Amino acid sequence: VESTTGTSSHIYLQNLDIHDIFATESVAGDGRNATSNIGMGIRLNSTTSTGFITDVLIQSCTIQRTGHRGIYLTGVTPNPAFTISNVRILDNQLTDIGGPGMTILRSQDIVVRGNVVDHSGSYVDPRMHGRGSGIWPWRSDNVLIEQNQFLHARGKADSCGAHIDFGNTDVVVQRNLSIDNEGGFIEILGDNHNCGYRYNISINDGQRVKGVDGASAPGRTLWTSSYVGTGNPGEASTDIYIYNNTIYVAPGLKANFALSKMIDGIFIANNIFHVEGTSANTYTTGQDVAGVEPANVVFTNNLYLKSTTLPTKLNITDDSLIIGNAEFINGGSFNPTDYTPTRLNVVQNKGIRAYLLPGDSIGLPPDLQPAGDYFGNRVIGRPDFGAIELPAFSAAAHWQKFQ
């Protein structure tokens, strides 16, 4: 769908079967090879500031084996308004996508819900790009990414389940399942505002090793950066919220952390960092401007399996390490139910209510207190640690163990 002038609206793409999309020629790109194919499944493309696309539904489509992107929204720089808006991407299945599963560029009011992206950055065909996150927004506003599954992303850089590229406002990544994405779980680049991750479950994300199989960067469990484009000085993100996520890293795997100095407002609380193996600080100065230090940091009240889970010499660090084992039903499985904690006395009602950072009057839309946890269970009163809120009385009670 392309718009050069006027408004294209009421576009509904449903129950489509799209597969094996490859352009006639490959082009230069920063993928697995020097050139790659730019075939795409579905694209919304606004080419001028007077060409608008709005009221779009992409639902229950199957997209398989594309040279590059699966679903691609490309607006132009808002002048004065976003040219792509009000797009719902619901319940689609994307498999073996050569690049990113979904990319949201210069767009506004986007809902991405109930999708499965399996093997973005795929290389099952040598024409494929071979690098890509499950989804990433760039210079967009009001993007809700919820109740999706992002699985097995691959690529030499980026290639997370869902990463927030630079220059966005009001992007919320919540209630998603993120499994074995080699680039990592949380990646937030520079110049982002009122964005965050909450009530997600991450399993064995971030296992890429720099220098192995062409990797130009390590995978990371948690990464904030000031990057805003090659050659540009870094820009701080403001008012970032990361809370009530459950993060599991299996034995033998490493959890890497890299936290930029250029941050003005970050809230990290109530997360479970269940890292069975080792951890490392992979921060490099990158584009951070010399002399700038973190401001308005709230990093507190997270649960760590071991006292060594959080590596030393991070630019920001937890001011109240809480050590304990949530004892999941079956850590290591790919079933989200198995990440229900069984140690109620360690987890239940141990969280703090998210609150606005100094100087922030917005928080995450629509509210810092979400209606439900990963499964939609209501969060009443003081929250638990992690993405799953435990009921006061349930069949799970017989799993409870006491020290």
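How exposed is Arg-113, in terms of relative accessibility? At 31% relative accessibility, Arg-113 counts as partly exposed, where buried means under 20% relative accessible area, exposed means over 50% and partly exposed lies in between, with a 1.4 Å probe and protein chains only.

Before going on, please keep in mind that this is a predicted model, in which local features need pLDDT of at least 70 and side-chain atom pairs count only at pLDDT 80 or more, while totals for chains, interfaces and linings use all residues. Residues are numbered from 1 along each chain as its sequence is written, and side-chain values use heavy atoms, with hydrogens and water left out.

Back to Arg-113, whose side chain meets that of Glu-146 in a salt bridge at 2.7 Å, N to O, a salt bridge being a side-chain nitrogen of Lys or Arg within 4 Å of a carboxyl oxygen of Asp or Glu. Because Arg-113 lies in strand E13 (residues 107-113) and Glu-146 in strand E16 (residues 141-146), the pair ties together parts that are 33 residues apart in sequence; strands here are DSSP runs of E with at least two residues, numbered from the N terminus. Glu-146, for its part, is buried, with a relative accessible area of 7%.

The whole structure holds twelve salt bridges, and another of them joins Asp-180 to Arg-154, with the closest N and O atoms 2.8 Å apart. Asp-180 sits in the loop between strand E19 (177-179) and strand E20 (184-188), and Arg-154 in the loop between E17 and E18, so that pair links distant parts of the chain, 26 residues apart. Salt bridges that share partners also join Asp-30, Arg-131, Lys-156 and Asp-158 into one network.

Let me turn to the aromatic rings. A search of the whole structure finds twelve aromatic pairs, where rings of Phe, Tyr and Trp (its six-membered ring) pair if their centres lie within 6.5 Å, and planes under 30 degrees apart count as stacked, over 60 as edge-to-face and the rest as tilted. Among them, Tyr-241 and Phe-267 form a tilted pair, 5.9 Å centre to centre and with 40° between the planes. Tyr-241 lies in strand E24 (residues 237-243) and Phe-267 in strand E27 (residues 263-269), so this pair ties together parts 26 residues apart in sequence. Tyr-241 is buried at a relative accessible area of 0%, and Phe-267 counts as buried at 0% as well. Ring pairs link Tyr-241, Tyr-243, Phe-267 and Tyr-355 into a cluster.

Terms used. Helices (H or I, at least four residues) and strands (E, at least two) are DSSP runs, numbered from the N terminus.
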